[in-house]
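Please consult the sequence and the structure shown below while reading.

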Amino acid sequence: MPCRLTEDMARLGFFVLVFSFVFYMAGIAASASTTTLTPRGYIVASCKATRYPALCVECLSGYANAIRENEQHLAQTALSVSLSRAQSAAAYVAKMTHVRGIKPRERQAVKDCIENMGDTVDRLSQSVKELSHMGRAGGEGFMLHMSNVQTWVSAALTDEKTCLDGFAGRVMDGNIKVAVRRRVVHVAQVTSNALALVNRFAARHRAAIPTEKP
């Protein structure tokens, strides 16, 4: 009888061990499924750091497979999209000077905006090139490149807001103002998102750099 009891206990222990292992592996699988993001899931998660997350996802989802959870590729793509939208808006605003019936104040505001948007395109173009030339730069080299990019993108955002300021006030109300604002506000929002992702990339890279001990 004691011998049989010992066998039963051993058999029970074996089954407990098997079930424990099964539950352990199931837990690992569940954990992996919650932490591994799809390409689009990575875009959605990253865009939460921006001011206009829905617009961010809309602009970047089409590039999700190319970005592949790469912080630099994400920032680079966001800047490239911003540049493309700025170029399109600049070309659109340039046509506004030829609209029939445009008022003198509107014409001047449009001309100023054309200059502002031209500066925006130049600064974003510089930023895209600077970020693409970074390669594997680290330490002070990385921070220098990132400082340039952050400065230029911030300046581009200021240019866009300056364009919009030129149409402030009721005296500027009309179809010209509505048309220009729609395009430039969109570009400003896309640029704001790009700057947020650039700042996120810079902060995470900086945090990953080991600090030097005195």
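## Surroundings of R200

In this predicted model, R200 is in contact with Y42, S46, A49, E71 and L74, its neighbours within four places in sequence being left aside. R200 is found in helix α8. The side chains of R200 and E71 are joined by a polar contact of 3.0 Å.

Is R200 buried or exposed? R200 has a relative accessibility of 14% and therefore counts as buried, the cut-off for that class being under 20%.

## Surroundings of S82

S82 is found in helix α5. Because its relative accessibility is 0%, S82 counts as buried. The side chain of S82 makes a polar contact of 2.9 Å with that of T191.

Apart from neighbours within four places in sequence, the residues in contact with S82 are L124, V190, T191 and A194.

## Helix α5

Helix α5 contains 25 residues. From its first C-alpha to its last, α5 reaches 37 Å, which is close to the 36 Å expected at 1.5 Å a residue.

The N-terminal end of α5 is capped by N70. In this cap, a side-chain oxygen of N70 lies 3.0 Å from the backbone nitrogen of Q72.

## Largest nonpolar core

The largest nonpolar core has 54 residues, and the members that touch the most others are L60, F167 and V180. Two or more residues come from each of α2 (39-47), α3 (53-60), α4 (64-67), α5 (71-95), α6 (104-132), α7 (139-165) and α8 (175-208). The helix that gives the most to this core is α8, with 13 residues.

Which residues does L60 touch? With residues up to four places away in sequence not counted, L60 touches I43, C47, I67, L74, T77, A78, V81 and L197. One of these, L74, is also in contact with R200.

The largest cavity has a volume of about 50 Å³.

The lining of the largest cavity consists of C56, C59, L60, A78, V81, V190, N193 and A194. Two or more lining residues are given by each of α3, α5 and α8. Among the lining residues, A78 and V81 are also touched by L60, while V190 and A194 are in contact with S82 as well.

Key:
Residues are numbered from 1 along each chain as its sequence is written. This is a predicted model: local features need pLDDT of at least 70, side-chain atom pairs count only at pLDDT 80 or more; totals for chains, interfaces and linings use all residues. Side-chain values use heavy atoms; hydrogens and water are left out. A nonpolar core is a set of buried Ala, Val, Leu, Ile, Met, Phe, Trp, Tyr and Cys residues joined through side-chain atoms within 4.5 Å. Buried means under 20% relative accessible area, exposed over 50%, partly exposed in between (1.4 Å probe, protein chains only). Helices (H or I, at least four residues) and strands (E, at least two) are DSSP runs, numbered from the N terminus. Contact means heavy atoms within 4.5 Å. The expected span of a helix is 1.5 Å times one less than its number of residues. A polar contact is a pair of N or O atoms within 3.5 Å; within protein, one must be able to donate a hydrogen and the other to accept it, and residues adjacent in sequence count only if both atoms are side-chain atoms. On a 1 Å grid over the protein atoms alone, a cavity is a set of points where a 1.4 Å probe fits but cannot get out, and a pocket is an open set with protein on both sides within 12 Å along at least five of seven lines; lining residues have an atom within 4 Å of a point. Grid points are joined across faces, edges and corners, and a volume is the space filled by probe spheres set on the points.
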